[in-house]
Amino acid sequence: GVESAEGKGSTFWFTIACEEARREEMDARQDHGRISCIATQNRIPIHEARVLLVEDYPVNQVFAGKLLRRFGFVHIDLAENGVEALLKYRTHAYDMIFMDCQMPELDGYQTTEKIRLLEQDTPLHTPIVAMTANAMMGDREKCLKSGMDDYLSKPLRAEHLKKIIESWFIPDEEKAIISTARTVTSREEEAPVDIEQLRLFTDGDPDEEKALSELFLEQAREMIELLKQSTGTGHCDTWKSAAHRFKGSSGNLGAMKLHHLCKRAEIHYEDDERKKREMLIAIASETKRVEQFFSRAG
């Protein structure tokens, strides 16, 4: 049903039939709750924590690293894929791992499962937070099923990270930040870059904004070239992978129209070559708008 009042809003409701939960699913959720409870009771100051950032795409490495530092993390190690993450996990004790889900060689789900196997029959449980540009229904459940403890979607949002940090660490109140809702004007909607999203990572420092935009555009040209090379060859997986990477970095930068174009390209990776060429033209055109935006800003 629905109730609606002009100028006030609408309320929708529905009823669905659900199957009874299986015992193993209930046990898994209870285990996750116990782990979270223990973590809350044994929090350490955020500046003392050592974390591992597992991310294969250079632009997203920079974005994620900057946001973690803004919240007060000091000791941040980087792994560029799951294989490297396992090597670092075996040689260092981490208080948290931020795990990208889609990576070559060994993805985030597989890496997490291997870490949990290593922790079996030990008192260890390293908190693992998924980072993914997929925000589809069921993704959170897939992350938890692989052994992850929480979930961050890309583009990264300060308020989401803040909730996770407060659950596991004693935050640095001076550095803790949170994005507040704001009214977006029609002119801002038309802009190729949401500058407020970018400043989440740069705090308005023009030198940092310049460095980030240059890195983004350098990687963007590589992604466009990959998309171009994969058209007409039947290499759908190459197209999908490039669109996925480009989608995540565009969203972090605040280039939301480009983000949505790349998302469309990722979803329709099996479309015919004519449609792919049309999508590529749109992506290249919007990338040019982003480049011009930063040229004028500089």
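Contact here means heavy atoms within 4.5 Å. Helices (H or I, at least four residues) and strands (E, at least two) are DSSP runs, numbered from the N terminus. The model is predicted, so local features need pLDDT of at least 70 and side-chain atom pairs count only at pLDDT 80 or more, whereas totals for chains, interfaces and linings use all residues. Residues are numbered from 1 along each chain as its sequence is written, and side-chain values use heavy atoms, with hydrogens and water left out.

**Exercise 1.** Determine in which sense S1 and S2 pair, and describe the turn of their hairpin.

Solution. Begin with the pairing, for which DSSP must find at least two bridges between two strands: S1 (residues 2-5) and S2 (residues 9-12) are antiparallel over 4 bridges. Next, locate Ala 5, whose bridge partner in S2 is Gly 9. Finally, inspect the 3 residues between the strands, where Gly 7 has a positive phi of about 80°.

**Exercise 2.** Work out the strand order of the open sheet of 5 strands.

Solution. The order is S5-S4-S6-S7-S8, with parallel pairing. S5 (75-79) and S8 (150-153) stand at the edges and have a single partner strand each, so one side of each lacks a neighbour in the sheet. S4 (residues 50-54) pairs with S5 over 5 bridges, and Val 51 stands opposite Ile 76 in S5.

**Exercise 3.** Identify the strands that H2 and H6 lie across.

Solution. Angles run from 0 to 180 degrees between N-to-C directions, with axes fitted to C-alpha atoms, for helices over the stretch in contact. H2 (residues 58-70) lies across S4, S5 and S6 (96-100), at about 165° to S5. H6 (residues 158-168) lies across S6, S7 (128-132) and S8, at about 160° to S8.
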